[in-house]
Structure formats: C-alpha cells, structure tokens
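Dear colleague,

Please find the structure below, handed over for your own work. My notes on what was found in it follow directly after.

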Amino acid sequence: MAKTPRMSPQTLVVLERFIEQPRVWRYGYDLSRETGLKSGTLYPILMRLARFHLLETKWVSTTDGVPPRHTYRLTPSGAELARSQSATRSVARIRRVALSGGKA
Amino acid sequence: MSSGSFARRLATFLLTRAISFAPADTIEWGNAVLGELYQVEGDWSALFWAIGGASMLLKHALVASVFPGRNHPFSSSSNLFRKGGTVRKTVTYATTACIIASLLFLLAPVFRVAVHVSLAQWYPLWHVNPFDRLEPAPQLEALKRQAIQKRDGEAFAFVAVHTPDKSESVQLAEEAVRLNPGLTWVYGVVAVRWSFFPQVERWTSALQTFDPENALPHLIAAERIDIEQEHRKTSRNARDESAEWKNAMAAAFQSPKLETYSKQLEDLNRTVLLRYQINDPFLISTDQLYWRVPSYTASDSSRYSELLLGDGKSREDQGDRSSAFEHYSTVVRFAQTLGENGGFPMAKRLRDAFQRLGSLSEKEGNRQQAELYSILAETADSARKEQTLALRSGLHAEVSRWNALLARASGIALLLSATVVLLCVVSLVVRHRSLRIATLQPSGMTLAFSFAGGVTALFSSILLYISYRPYQEIAQRFIHTGDNTGLADLSRFLFYTQTPLGAVKYHSVERFSFYFWCVVAGLCALILMLSILRFLLRPNARAANRLAG
C-alpha cells in the first residue's frame, strides 16, 4: 500500500473542499478563504499532498503585470483517498452522535 | 506614500526575500504564495498572507540546512557556493591557504609549546580531583627514566622538586642526596612543599648539619610539631605550646639567616633543563608560586613573637630592661630576616616590637632613640598597609591574567576549528568514498564550515603565538643566561592558564567541571536526537521519490 501523508484535521478540511468538486482547479487564496486556514498552514498541506501525488498543480497565466497563479486539483488517487477519508469521518461522526444519544 | 501601499510593498518584499532563501523544491510554492498575494483583498491581509508564506519558506530552509539529504538546502540560482562559481573557487583557495598557514605555525617550536600551555586548562576537567596536580609535566617521567639510567643526582633532585606525587618526591630527594650530598638543600625545598611525611624529622637534622646557621630547618620542625598537635587536637595557645615547639622556634629566632634555597633551585632548574634539552615552561617556573618557607611559618613566628613580647613586657615590669630589650630586639631581628615571608602577622609584630623598644628607650630617657623607634614602627605599619593595598589591587597580575585569558581562548578556538575542519574533511571523503582531491567536491555547507574553521584556526594560531611569545623569551633568557627577570610574570601567566576558561577562580574548578560535563552530555544527547530524527525522516523522502517514480 502506498504511503499517505499525515491526516491532520486541517488536511481533512482541505480534502473535503477538494472533494466537493473533484475536477475543478482551485486557487490557494480561494481555499484559504473557504477553509479559514492561513497561508502558513494551507501551503504546507498543499505541498505535502502534491508530494504524495494526491494533488496535481499547474500555473495559470493572468492579465498583464500580475504574476501567474498556481492552481490545484485532486488526482484520481487523491480523490480516492479524499472520499475514503470523508466516509471514515462520516461513520465516526454517526457513531459519535449515536453514542452521545443524538445530541451532536 | 499611504500606509496601505506600504503594507503591500512590504508584503511583496518579505515574500521575495524568503523565496531567495528557500530550498530549491519549495521555490515553486513560494512563487505560488506570491502569485496569490496579488489576489488578496486588503493591504494588511496581504501582509499577513505574506508573513505566513515567508515563515513557511524559512522553516523549510532551516530544516533543509539541518537535514540536507531531505531537501536541497538552497536554490541553485541563489547559491553563493554554486559549483564552478568564482566565489566557490575563491573560498576553496582561501580555506586551503588558512589551513596550510595554521599548520605551518606548528613548525615553530614556540607555537608547539604555546599549544601545550593553552591545553593545560583541560587538565582539571579530565581528572576527578583537579588539586591532585597543579602543573602538567609530560616530560618528567622520561626525565626520571634517564636519571635512573645515568645515576644523575641533579636530575633526581629536579624530578623530586617538580613531581606532583608526594611519595615519589620524597623518595627521589633521598636518592638525589645519596648520590650527591651537596644536594642536601633539596630536603628543605621538598619538606616545605609537602609539610608532613615520615622522613621529615630525619631531614630536619640533616639540614641543620648541612646549613647550621639557617632558620629553615627549625621552621620545618616547628611546622611538623604543629601538624602533630593538630592531629592530636591539642591547644594552639602560644603559652601552652610544647617545649619542643618552643625550642624549635627559639632556635629559628636565634638563627642568623633564613635561606630558602631559591638560587640553588634556579641553578638546578637551568642545569637540568639545558642538560636534557627540556622546553617545558611549567618545569621552569612552578617554584615561583610555591611557598619558600613552611606554610605555618607566618603563624608560628607571630605566635612566638607574641610570646617573646609578652615575656619582654613582664621583664620590663620587673625592672629587667636589658632582658626586655633583648626580647624585643629578637623579634625585630627575626621579622626583618623573614621579610615578606612573615606575612601580615609578622609585620604587625614588628611594629609592636618597635613600639615597645621606643617605650623602653623613653623610660631610659633616651629620647633620640625613642623617636627613631617610633619612626621605624610607623614605617613598618605603612609597609604593611602598602602590602595589603598591592595585594588587593593585584595590578601586577593583570597583564599576565589577560595574556593567559587570550592564550586559553585562542587554544579553545584552535581546538574547535581544527575539529570542524577535520569533520568536514572526513565527511567529504566518506561521501565521495575517495581520497583523490580532484574528485572531492564539497557542498556549500561543507565549504562554509571549512572556511569558518580555517579562518578561525589561522586567527587563533596568530593570537596564541602573540600571547605566548613574550613568556617564551623570558623562559629562554632564564635557561640560557640565568636572568630571572620576568620569571614571576611567567609563573603567574602559567598559573592562570591552568584555570579552565569560564571558571572564575581555581577554587570553583570542581563545580565548573561538573557543569562542563553536564553541557557536554546535553550536547551529545541533542546530537543523538538529531541523528535519530534524521534517520527516521529519510524513509519518507525515499517513499515520496518512489511515488514520483
């Protein structure tokens, strides 16, 4: 089995954002606003996911005078991992709700 | 300029600078953060965005510098030491030149002795009891072997005087005197140094026969009696002293001279050092710091003087002025014979004796003599005060202390830099698995460390040479011409060099030694932890590479 990066709560939040629209290219700033993560937290996560080939990246050129932007999208293995993690989290959430008597 | 545009410009500057320090594999990510910076709404938000990105890049740069195998430490474009670059070549040549220049210093015998002197501070750190031996003397053992082979009495005496081993010292002194009875004075030097040992009573008798006018054997005898009394925990009041002690002190006070054999010792040192071609400054001048007289002399003399002054007063009260005068004069004479060896207690007794003599002269109606004694009492008192002030200020020791500090600091710097250079060379050879210089291509980090090590080695070699050179001249002048000018400075310098750098006083060496080894153990633990961490982190990188493959 291929190694996977450490799944911190922040990594799971990022993966959840990606899995909502797996085929769509996302910008770092947009992800930061959606997840509430600062650049210093978000980019190490993106780097780690990319290093494990769970994320693909590309540069997008912009209008004159503004540097190109880096965009990200889940790879098939990334999407698979994100879905499995999402499912695991859902099961855990259901179990937690059940154990707490439906108060969660 | 508005504060908003300033914040954004600052943000751009921060990120751009961070990217220039970033490891090669994170530059793309740095540019990604920079690209998004232009999309961030609000200038202050942009600044915080840049700070987050910059801290991320700097953290990676730091990790890459500690674990170079994990990431490339610096981007190739910004690498100051990039392969084939002019700066790299210049630095390599400069490093090599510094190392060669430092090694050339070792060709100078003066420098080799200076290194030996600078290493003396480590002695207390390697020994459980740093007071076992104050002076390192690696050549003494070899000299002892040669003395046995040649049956050289003077060499035996030399080793007896300098060896840190008490029983060996006593044994060799006896051997020296057996071979050459003219060296009997060595008994005096060795007895003063070690104070108490079984042979001391026999030695005292031998010294009295050898030099009947000398007060020293009597003072040694008095010290022996003192130590025996201390062992028995008997009274230390002068009036209750044993008859044996009183006889010994009376004989000392009646002796016309006090010979400490310093001249004979200097001649012996010179003769043996020249004969056996020894160039160890610790063997030239250690005697300068030893007591010339037994350590109890000042106290014994003061107590006996007190006894004499008291007896003299009683005689004076009884009307026996002649006897009182004789008692007071004896104290004056012996205090002057002792000189500085009597210390402060005897200086005080000298003043008291002059005052009593003045009072006695006044009673006899000799006003002129009374005034003379009064002036002498004042002179003795002011001399004592001057001595106290000189001791407190310690000005005469300042230069030697600073030079010793310089020698110790440069010695440590030399040792550390040599270690760094050696580690760099070893790591280079291990990495390339070759000893051919042409194939050895140091990394930027290795080159930087080697350069720092080489420059420090050269600089500390120069400092060590400069700080020790004057003392080498003093030592050589003494050996070859017998001129002992500056020998006391050399002794002070050598004394200070034996105190580890950081230990304020020699008394705190034991505590310093404990803290030193704690720090060493802590550093070792840190290095071990970093090595384990490095080892554990490597498989992740390999896994990532496999995934990439």
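Between them, chain B and chain A bury about 2200 Å², of which 70% lies on carbon and sulfur atoms; buried area is the accessible area (1.4 Å probe) that two parts lose on being put together, summed over both. This is a predicted model, in which local features need pLDDT of at least 70, side-chain atom pairs count only at pLDDT 80 or more, and totals for chains, interfaces and linings use all residues. Residues are numbered from 1 along each chain as its sequence is written, chains are lettered from A and ligands numbered from 1 in the order in which they are written, and side-chain values use heavy atoms, with hydrogens and water left out.

The contact involves 25 residues from chain A and 24 residues from chain B, where contact means heavy atoms within 4.5 Å. There are 2 salt bridges between the chains, a salt bridge being a side-chain nitrogen of Lys or Arg within 4 Å of a carboxyl oxygen of Asp or Glu. Arg33(A) and Glu41(B) form a salt bridge, with their closest N and O atoms 3.5 Å apart.

On the side of chain B that touches chain A, helix H2 (27-37), H3 and helix H23 (509-548) each supply at least two residues. H2(B) gives the most, with 7 residues. Helices (H or I, at least four residues) and strands (E, at least two) are DSSP runs, numbered from the N terminus. Because 8 of its 11 residues are buried, H2(B) is largely enclosed by the rest of the structure; among these buried residues are Trp29(B), Val33(B) and Glu36(B). Buried means under 20% relative accessible area, exposed over 50%, and partly exposed in between (1.4 Å probe, protein chains only).

Chain A has 4 helices and 3 strands, in the order α-β-α-α-β-β-α along the sequence. Of its 104 residues, 37% count as buried. Ser8(A) lies in the segment before helix H1 (9-20) of chain A and counts as buried at 9% relative accessibility. Its side chain makes a polar contact with the side chain of Thr11(A) (2.7 Å).

In chain B, Leu464(B) is placed in helix H21 (residues 444-481) and is buried, with a relative accessible area of 0%. Not counting residues up to four places away in sequence, Leu464(B) touches residues including Phe111(B), Ser118(B) and Leu414(B). Leu464(B) and Ser118(B) are 346 residues apart along the chain, yet their C-alpha atoms are separated by 8.0 Å.

Chain B also carries a nonpolar surface patch of about 710 Å², made by Phe6(B), Leu10(B), Phe13(B), Leu14(B), Trp44(B), Phe48(B) and Ile51(B). Patches are made of residues with over 30% relative accessible area and no salt bridge: like charges are joined within 9 Å, nonpolar side chains (Val, Leu, Ile, Met, Phe, Trp, Tyr) within 5 Å. Accessible areas come from the Shrake-Rupley method with a 1.4 Å probe, and for residues only the protein chains shown count as cover. H1(B) gives the most to this patch, with 4 residues. Phe48(B), which lies in helix H3 of chain B, is exposed, with a relative accessible area of 57%.

Yours sincerely

How values were computed: Polar contact = N/O pair within 3.5 Å; in protein donor to acceptor, adjacent residues only side chain to side chain.
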